[in-house]
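Please consult the sequence and the structure shown here while reading.

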Amino acid sequence: VWVAAHQHATGPGRIVVILSGPMAAAELLSHIAAHDTLQSFFETSVDLGEGSGVVYCELPALFTHSVLLTVRYPLPFALEAAPADGVVKVTEPGNGLQLGDVLRACSTPELRYDSRGQRVCYGVGLHGQLPDPEQAARAENSWMDIFRRARSELGGFRQTRPTKVLFLTDGRPHQQVTDALVANTLDRGVESIVMLFERPVAAPSVVTAIPNATFA
C-alpha cells in the first residue's frame with residue numbers, strides 16, 4: 001500500500017496537507033498535563049519505534065492551560081492540518097484529534113527530501129537514545145550504518161529501515177513541516193509515525209493522567 005501525499009490550496013495563504021489512506025486506530029501513548037504558568041513546559045519522552053530509540057525533551061507550552069498528546073499512527077493514515085497563527089493546526093477532527101490541536105512534533109526519517117533545496121539530504125531532528133548494548137553496537141558498525149544510509153538514498157529503503165528522528169515544528173516553515181510528514185511512507189520501510197499535539201483546555205482541574213489506550 002502506498003501513501004499518497006497531496007497539498008490542496010483552499011484559500012489565500014492556506015495549504016492543507018493530506019496524507020491519504022484508510023484510517024487506522026491511533027494508539028494514545030501518553031496524555032500529559034501542562035505545568036502552571038510559573039513553569040510552563042512539558043517534559044516528555046518519545047519512543048520513535050522501529051529501532052530508532054527514545055527521545056527525551058522539553059517543549060514550552062503554547063497555552064496557559066493545555067495537555068500534550070502523544071499518539072502513534074500505523075501507516076497509512078490521514079491528517080488534515082494547515083498553518084495558522086505561526087503553528088500547524090488540525091483542520092478536520094477525527095481519529096482522536098480535535099479541531100485546533102497544534103502539531104508540535106512528529107517522527108520522520110532523518111534522510112528525506114528537502115523541497116526548498118530540491119534534493120534528498122539529512123534533515124534536522126532529535127535523535128533517540130538506545131539501550132547501552134545497542135549504542136555500542138551502533139558505534140562499532142558506524143561505517144556500515146553510513147553505507148546503508150547511502151544505499152537508502154539511492155533507493156534501498158526496502159532493504160533497511162531508515163533512522164528516524166523527532167522533528168520539532170516550532171518556528172519551522174510550513175513546507176519543511178510538510179516534508180517531514182510526507183517522508184513517512186511504507187515503501188521506505190516506515191510502518192508508523194509518532195506525533196505530538198498540544199490541546200488547550202479550559203482549566204487545570206480537568207486534566208488527569210490517562211493510561212495507554214486506543215482511540216475508538
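Does L166 count as buried or exposed? L166 counts as buried because its relative accessibility is 0%; buried means under 20% relative accessible area, exposed over 50%, and partly exposed in between (1.4 Å probe, protein chains only).

This is a predicted model, in which local features need pLDDT of at least 70 and side-chain atom pairs count only at pLDDT 80 or more, while totals for chains, interfaces and linings use all residues. Residues are numbered from 1 along each chain as its sequence is written, and side-chain values use heavy atoms, with hydrogens and water left out.

**Overall composition**

The protein has three helices and 15 strands; helices (H or I, at least four residues) and strands (E, at least two) are DSSP runs, numbered from the N terminus. Of its 216 residues, 41% count as buried. The accessible surface comes to about 11300 Å², and 55% of that surface belongs to carbon and sulfur atoms; these areas come from the Shrake-Rupley method with a 1.4 Å probe, and for residues only the protein chains shown count as cover. Among contacts (heavy atoms within 4.5 Å) between residues at least 6 apart in sequence, 74% join residues at least 24 apart.

**Two nonpolar cores**

A nonpolar core is a set of buried Ala, Val, Leu, Ile, Met, Phe, Trp, Tyr and Cys residues joined through side-chain atoms within 4.5 Å. The largest core holds 19 residues, of which L79, L181, I193, M195 and F197 touch the most other members. At least two residues of this core are supplied by each of β6 (66-74), β8 (87-90), β9 (102-109), α3 (174-182) and β14 (192-200). A second, separate core of 12 residues includes V46, L48, A105 and L166.

L166 itself is found in strand β13 (residues 164-168). V46 is 120 residues away from L166 in sequence, yet the two C-alpha atoms are 8.2 Å apart in space.

**A residue of strand β14**

S192 is located in strand β14 and counts as buried because its relative accessibility is 10%. Not counting residues up to four places away in sequence, S192 touches E50, R72, Y73, P74, L75, S107, K164 and N184. Its C-alpha lies 6.6 Å from that of R72, although 120 residues separate the pair in sequence.

**Strand β8 and its partners**

Two strands pair if DSSP finds at least two bridges between them. Strand β7 (residues 80-84) and β8 pair in the antiparallel sense over four bridges, and V88 in β8 is the bridge partner of P83. These two strands form a hairpin with two residues between them, and D85 in the turn has a positive phi of about 55°. β8 also pairs with β9 in the antiparallel sense, over two bridges; here V102 in β9 is the bridge partner of K89.

In a regular strand the side chains alternate between the two faces of the sheet. In β8, V88 and V90 form the covered face, whereas V87 and K89 form the uncovered one.

**Salt bridges**

Side chains of opposite charge can pair when their charged atoms come close. The structure holds five salt bridges, a salt bridge being a side-chain nitrogen of Lys or Arg within 4 Å of a carboxyl oxygen of Asp or Glu. The table lists examples.

| Pair | N to O distance |
|---|---|
| K164 and E50 | 3.5 Å |
| D170 and R104 | 2.7 Å |
| R104 and E198 | 2.5 Å |

K164 in strand β13 and E50 in the loop between β4 (41-47) and β5 (54-60) are 114 residues apart. K164 counts as buried because its relative accessibility is 1%.

D170 lies in the loop between β13 and α3 and R104 in strand β9, so their pair ties together parts that are 66 residues apart in sequence. D170 counts as partly exposed, at 35% relative accessibility, while R104 is buried, with a relative accessible area of 0%. R104 in strand β9 and E198 in strand β14 form a pair that ties together parts 94 residues apart in sequence. E198 is buried, with a relative accessible area of 0%. R104, D170 and E198 are linked in a network of salt bridges.

**Cysteines**

A disulfide is a pair of cysteine sulfur atoms within 2.5 Å, and by this rule the count comes to zero. C106 counts as buried at 0% relative accessibility, and C121 is buried with a relative accessible area of 15%.
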